[in-house]
Amino acid sequence: MQRGIRSWLSERLLWVDGLGGLLAGVLVLLAFRWLSALHGLPERWILVVAAVNLTYGGLATYLARRRHRPVRWIGALAGANVFWMVGCLGIVFWHRGSITMYGVAHLIAEGAYVGGLGAWEWRWRSRLASPRFSAIESAD
């Protein structure tokens with residue numbers, strides 16, 4: 001059973017990363033003023049979170065749609081996810097005097113989510129580059 005879940009996830013990992021990032025980015029962008037107050041963070045930092053989510057979500061979705069995916073692009077996406085995990089922790093540390101428990105929980109959860117995705121993408125980068133894992137064949 002565990003092998004089946006791993007296989008299913010490895011085939012859809014770029015879609016999970018891409019659509020998750022795009023959804024999170026749009027939701028954060030739509031609610032940035034409310035989230036700023038809830039998290040105890042300046043609005044510009046909430047907008048940074050939205051922009052980063054939209055950027056890596058767009059890249060992951062672009063890669064998921066491609067028939068041929070360069071391994072180096074998947075590696076770059078994995079690295080960006082791990083870099084953003086560190087960025088989330090950095091925001092928590094930088095704003096430790098003002099951030100609320102909701103802000104800490106959000107950024108720690110997001111950091112764990114993208115860090116885990118980045119680790120899996122790095123581990124499965126060769127498999128993800130294989131045309132066999134392309135759910136949608138686009139004209140590349």
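Predicted model: local features only at pLDDT ≥ 70, side-chain atom pairs only at ≥ 80, totals over all residues.
Residues are numbered from 1 along each chain as its sequence is written, and side-chain values use heavy atoms, with hydrogens and water left out.

The protein chain has six helices and zero strands. Helices (H or I, at least four residues) and strands (E, at least two) are DSSP runs, numbered from the N terminus. Along the sequence the pattern reads α-α-α-α-α-α. Of the 140 residues of the protein chain, 38% count as buried. Here buried means under 20% relative accessible area, exposed over 50%, and partly exposed in between, with a 1.4 Å probe and protein chains only. A contact is a pair of heavy atoms within 4.5 Å. Among contacts in the protein chain between residues at least 6 apart in sequence, 78% join residues at least 24 apart.

Confidence was examined through pLDDT, the predictor's confidence in each residue, from 0 to 100. The protein chain averages a pLDDT of 89, and 86% of the residues score at least 70. Confidence is lowest in H1, at a mean of 85, and highest in H2, at 97. Over residues 134-140 the pLDDT is below 50.

The largest nonpolar core has 27 residues. Such a core is a set of buried Ala, Val, Leu, Ile, Met, Phe, Trp, Tyr and Cys residues joined through side-chain atoms within 4.5 Å. Trp84 and Leu107 have the most contacts inside the largest core. Two or more residues of this core come from each of helix H1 (2-30), helix H2 (32-39), helix H3 (43-65), H4, H5 and helix H6 (125-129). H3 gives the largest share, seven residues. Not counting residues up to four places away in sequence, Leu107 touches Leu41, Val49, Cys88, Ile91, Val92 and Ile99.

Leu107 is one of the buried residues of H5. The 23 residues of H5 should span 33 Å, and the end C-alpha atoms are 32 Å apart, which agrees.

Leu13 lies in helix H1. Leu13 is buried, with a relative accessible area of 0%. Leaving aside neighbours within four places in sequence, Leu13 is in contact with Leu117, Trp120, Glu121, Trp124 and Leu128. Leu13 and Glu121 are 108 residues apart along the chain, yet their C-alpha atoms are separated by 7.3 Å.

Thr61 lies in helix H3. At 13% relative accessibility, Thr61 counts as buried. Apart from neighbours within four places in sequence, Thr61 is in contact with Leu14, Trp15, Gly18, Leu19 and Leu22. A polar atom of the Thr61 side chain lies 2.8 Å from the backbone oxygen of Gly57.

Loop positions were also examined. His95 sits in the loop between helix H4 (71-94) and helix H5 (101-123). His95 is buried, with a relative accessible area of 10%. The side chains of His95 and Trp45 are joined by a polar contact of 3.0 Å. A polar contact is a pair of N or O atoms within 3.5 Å; within protein, one must be able to donate a hydrogen and the other to accept it, and residues adjacent in sequence count only if both atoms are side-chain atoms. Not counting residues up to four places away in sequence, His95 touches Leu41, Pro42 and Trp45. Ala31 is placed in the loop between H1 and H2. At 23% relative accessibility, Ala31 counts as partly exposed.

A salt bridge requires a side-chain nitrogen of Lys or Arg within 4 Å of a carboxyl oxygen of Asp or Glu. The count comes to one salt bridge. Glu43 pairs with Arg33, the closest N and O atoms being 3.7 Å apart. Glu43 lies in helix H3 and Arg33 in helix H2, so the pair ties together parts that are ten residues apart in sequence. Glu43 is partly exposed, at 34% relative accessibility. Arg33 is exposed, with a relative accessible area of 57%.

Notes:
Expected span 1.5 Å × (residues − 1).
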